[in-house]
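Here's a quick briefing to read alongside the model. Keep the 3D view open and find each residue as it comes up.

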Amino acid sequence: MSQESLSPSALATYATCPRLYDYREVQDVNAPDRTELYLNQGTIYHETIEDVCEATDRDDPPEVIHDRAMRIFDAKWDEHSSADDYESRAHREYQRAENRAAIESFFAPDGGVGISHARRSIATECWVECEVDGRGLHGKADNVIRTDDGLHIFDYKRKTHGMLSDGTAEYLGEHLDGEAHEPKRVRNAFQTAAYIEGVKNEPFYEDGMEVQFSFYGLLNSTSFESTPTGYDVSARGWGRETTEIYDDHYDTIWALIRDTHDGITGETFEPEPFELINEEACPDCDYREMCADRLSTEVRR
Amino acid sequence: MSDDSDEHPSWFPVPEEDVSPEPQQRTIINSDAYPMRVLAGAGTGKTFTMVRKIEHLIDEEDVSPDRILALTFTNNAADSMREKLNAKLGAAGYDIDAYTYHSICNEILTDYAYEAGIDPDFEVATDAEKYAIVLDVLDDIEYRSVKPNVYGSDGYASGAASKLLNFIGSMKRSGITPDDIDAFLGPADRVYELADLSERVENIASDHLGGRSVSSVLDSLPDARADLVAERDALGTQGIEASVRDFLDRIIELCDELEAAFEAHEAGDQALPDNAYKLPKYLLGGYANGAPKGIPDDLDLELTEHLDSFLSDCLTARDLTAGYAAYERELDERNLIDFDGLVVETAALMDSPVGEEIADRWDYVFCDEFQDTDRLQFDLVTSLVTDDNLFVVGDDDQAIYEWRGANVANITDELDRAFAALEDEPLEENFRSRQPILNLANEAIQKLDHRERHKTLKRVNEPAYDGDTVATVELPDEDDADGATQLRTVVQNLLSGAADNLEEAYNPGDIALLVRKNDHATPVIEEFEDAGIPYQVAGDLATESVGVGTVTAYLKALARPEDEVSWNRVLLMRYRLCDADLRTLNAGDDPLVDTLCGTPLDEFEEPDRVAEAREHATELLELRDSASLSHLYRELTDITNIEWYLSEQERRDLAQLEDVIEQYGDSAVQPPLTPEFIDSLEHYDSLFDESGSTPTSQPDVADDAVNVMTIHKSKGLDFPVVLIPQVTADEWAPSSRTYDALETGLSDGAEAAFAEDFVERDGRETRRVFHVGITRAEDVLVLQGGIEDDDDAADVHPVSEAVDEILPARIPWQPARGQLPLWTDVQECLPDDAADWTDTLASETVGRVGGTVTHDGDELAVEAARDRVLDLATATLNGDLSPGAERETLQVTSLNGPSTPSPSLSHSYTSLAAYEECPRSHYLDYVVNAFPDYQDATNEARDGVSQREIGLLFHDTAEQAANQAVDRGAEWYEICERLASQRRAEDALPAAKQCIDRYFELDFPSYELIDAEREFELDIDGHELVGYIDAVYRTPDDELLVIDYKATERHRDLEDDKQLPIYLLACRDLYDESVARAGYAYVGEIGPTVESRTFSDGDLAAVRDDVTASMTRIAEFSFGRYTAGDHCQWCQHNQLACAPDSFTVGPGFEE
């Protein structure tokens, strides 16, 4: 058993396909650039929230926080958004409008949850580490908030659709058994585990504190309204808490972590069960064009 | 298998066989009535008749060939028409102006560029250029209802670029300009005011018509009507407002009819079914959630939906029109004209004063496939016609390109309108399909209402046939069963031919699987794979091709050397690097290319392979920036010999990539390979998936594999056996199209937008597609289908009946619109002698169906055998295979599938000679059709011209020259040059011309040529021996002389020769007089000279015995026996251990 510490996303890569991990992490094969646009947008809203939290005091008025957020967003957009990422100016402008609407809604003075996220934030971009059964995990939490009973960790996303939920938590066990291929939800479970366990090693954690973890989809709902002079965009976000799922499926989640962790440290990269992976993971894989495992089935045809 | 228009490659001249036209055809050919329209059914020889009619004009009426213009759809068809006329009329045939509808425009615009106001150096825009322009004009779109997203989760398919491209396509095909659309729509404000009109109508319905009885609804109908009238009267009378006004008019009329019916009901004069009182609210869209209880779900008559979708298309169009206008400007700026633009510009030119002068270039205009022409092409044709000398053939029952803009009425009403004196001649005698197939086709097409002209196909000269002709297969009951295994079994039975219901065993190439849509082919192909049935998928169905992917990856890697995924692909698939070496290359932080070029070779397990990859990559990367894309591509294929690694299907697929490469760039000098080119390749598929389905391209057809294609692609082709899978109402239901009503309103006047039910129209087209599919079959037609539970047409809901009666004629939408009970119709139309194969030929195989391989005592299915071969190969590589054991011998007699029921081999002189030289090479080349050994491209292909190419070029030139009765060297040169350019064999041209020079030094040019490239088929003791005789001459001594041309360096010994005696034996069947003299004409470097001799009857008898013995021996072919010798140097398999070490060079030329 290795003491190597791994991130939830590395584990999730392996859970998607061991060969993918081999190509991406071990052999470090450089894949052609995927579109950077969503990556850059992620940077923009993450840094906006981070900076707002950093700059905000517990008793700042909502309007001040909101105005600060919009100002920071505009600066971040200019800093990170590149015209090269977009085929047209119109496309870029539309994306800016969508993201801006999401920040606007998140930090809305009249009830935007971002107001309290900013006021109660005790750490942003917080590096956490933990070790269970000799398997080390690490990660960076977007925002840790002090609640009345303890801590609430938030991971900000574009959308939370298709992520781990009460209704889909049972898929974790099916993935473990090789009956289903659910790397995205498995990844959410790994994140939940890493942050909940990791934050307990932080100095601001006190015994007896309740630790919660949520994903927050900033652009969960967007609407597009057409007018004679142009269009209007609005966005709305909400959170999805996975604390309870973690408690309820603790054994399954840690069995998954052990399996993937050991697979990586043991350098076992055969894609198994192949048919399932081939069907689910190959179509969107960056390495599909070079993957001997996939190509050999194609050639046989 | 054959083809209506062209059964040989397009370069091959086919003299019409000596078939005399049938009476109906003769009437048409000899008639001097113009304008004439021939509505010709499928398989009636319409192109044949048209070509003969042109011939007649030239031969009998002394019309100069250059006064005749012949128009058709595909380049293949135009070439073939020219070739046929040429074969019959000699060089004069080439003077005919045979064009496609697009190429004539290109020609006219080039000639009259000044008059048309365009730069004479214009180019036709390629798909890639159109794509690039669309991306450039995205910011010109006025985004209001169109989302600016260029791509989303599904790539480009649903993004703004794709929307704009589709919009331009729809509009331009119908000749609609951005200005037309602007004028029709008016300002955005107005469109937005109208946009919620359908909602307002629905509100009127729900406000007034929610009563719970006929009488209460009747009471409120006048109020609803009054509100509708008020809405209508507020509208203008132009463009979009006129369309909407017209819609409201229709709805108001419907209210009147409803009122009348309800009144009659209240007066006791008319019975109405339960729930009828809900109809007014329902029809006007007043229910929020579809049909209320009591109204059948499939009624599908919430009429406001039509208004809503029209208005939403108008909103989209309002945004996109500015993009369309910018696209047009951009084309103009780059001096490009797109495909549709060619016709637009030409039609406009023909409308100008110079139009008459252009039309005067021709006295006669002939048009083929006229039902596929669009509105613009119709205008173009009519403007080209002078003195009414127009001849049009086509088949309204085969009009299946309406969805691409074709206007079916062109061949019926429009033509009637344009030419008052139009003569009609029928062509209904079919020469293709057996009568029961035609009966079904005739009956099924009768189900088509609105059919303009009624034709009844009748077979003439039907050969005797003993077997089922029309067979049906019921799809299995289970949900979402695709029935693919049924078709696998059917095909296996057809190939084995053992079942009583079949007259013969069919070859794979005799069979076609014709599908409505791609999805129908996929499961069947998988079954074919599994059963080892060879198949070929035609153009637009081609799925992902691994080989093409590797070639593309090479281009990607060269364009972006940092793209390591592509390098890995190339290193794995082309250079076959092992995993360990790939890991060595991927290790470290340096870019892979640097590692490939810099790592000492001794660090690799297979240094030779790495060295080859390194050498190629270095050379190509150096070339990249200086060479044009096409040049780089040619060097890539030459240097790497990558094509050798591809299967035949993959090589065919590669041709599409090559086309894209050829077309790339818009200037005279093609740019080098760039990342932008790679990007355009990536988006190509999603944006241009339609381009494969135009009537302007036709697929190549395989003669040794089951042909799989869409019915659209099969048009003009025919096959002995046709299978059509999944004929069900659901699977064949037409899908709706965008801009239907808008496009119609723009083309035919604002009030046409709601005059027709487009779903109904598309349903009719679907029936015609079915008709086209059926009529492709010659002997056997197999239809697989079934009835879904809910398309039981028998019980019509009483509400539907009532609606049917109430709806006024001005409402084009009918109950159960768009339902297409195809399978029910098939059942009704089946001829009496149709067979049901569901429980017979579709469920079990009869006789030996092949598709298995015997190895080590096991009979293995194809897939298992493949795995076994791979296991053995792996074992060899790993050194795990114990030598000497029996299991290494693979009995391959059935490896090439059930297609060759052994030992029915057809022999030729060449195959016999091969056998004499080496039974193994014969076995590989003529029995199992093995692929050739890998050839090192650096040795032969790069500098040398293939001797074979030269030989072929000379032979084909000689043959065409004979057909055209051309006897001067210069004319031979011309033919040779044309052939060389057609088949891209310019390299071989100088040597072939030398052969021609040598030929003209011989005496033959002064002899009478009796026959050229004469095909023969000898039956010797039950063995079939086939071949071609190059030439038969009559010498000045009045003796017949058989000549075989030799363009090679190899000299033949006449004493020991068997080839010539075989030809002489064949001549006994071919000619009345005896032929005893034969010889070789050497036109290659060892010529020019002729060596001939006389063969006695005794000589011939000896050769005959000899040949018979050989053929009998060959019946027991095997891989095991071989003879090594000099001939190994020409053998395609000389890298096998049997060849002497000295001959490891690639194959040379062996005739």
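**Helix H8 of chain B**

On the other side of H8(B), B:Asp179 and B:Ala183 are exposed, where exposed means over 50% relative accessible area, buried under 20%, and partly exposed in between (1.4 Å probe, protein chains only). Before going on, note that this is a predicted model, where local features need pLDDT of at least 70, side-chain atom pairs count only at pLDDT 80 or more, and totals for chains, interfaces and linings use all residues. Residues are numbered from 1 along each chain as its sequence is written, chains are lettered from A and ligands numbered from 1 in the order in which they are written, and side-chain values use heavy atoms, leaving out hydrogens and water.

- Helix H8 covers residues 178-185 of chain B, and its buried residues are B:Pro178, B:Ile181, B:Phe184 and B:Leu185. Helices (H or I, at least four residues) and strands (E, at least two) are DSSP runs, numbered from the N terminus.
- Looking down the axis of H8(B), the buried residues fall within an arc of 125°, so they line one face of the helix. That arc is taken from the directions from the helix axis to the C-beta atoms.
- Those buried residues pack against several helices of chain B, including H7 (160-173) and H32 (740-748).

**B:Leu376**

- B:Leu376 sits in helix H17 (residues 375-384) of chain B, and it counts as buried because its relative accessibility is 10%.
- Leaving out residues up to four places away in sequence, B:Leu376 touches B:Lys172, B:Arg173, B:Gly175, B:Val343, B:Val344 and B:Ala347; contact means heavy atoms within 4.5 Å.

**Salt bridges**

- The whole structure has 73 salt bridges over all chains, each one a side-chain nitrogen of Lys or Arg within 4 Å of a carboxyl oxygen of Asp or Glu.
- One of them joins the side chains of B:Arg583 and A:Asp22 (2.6 Å, N to O). This pair crosses between chains, from helix H24 (residues 579-586) of chain B to helix H2 (residues 18-26) of chain A.
- Is A:Asp22 buried or exposed? A:Asp22 counts as buried, at 0% relative accessibility, while B:Arg583 is partly exposed at 27%.
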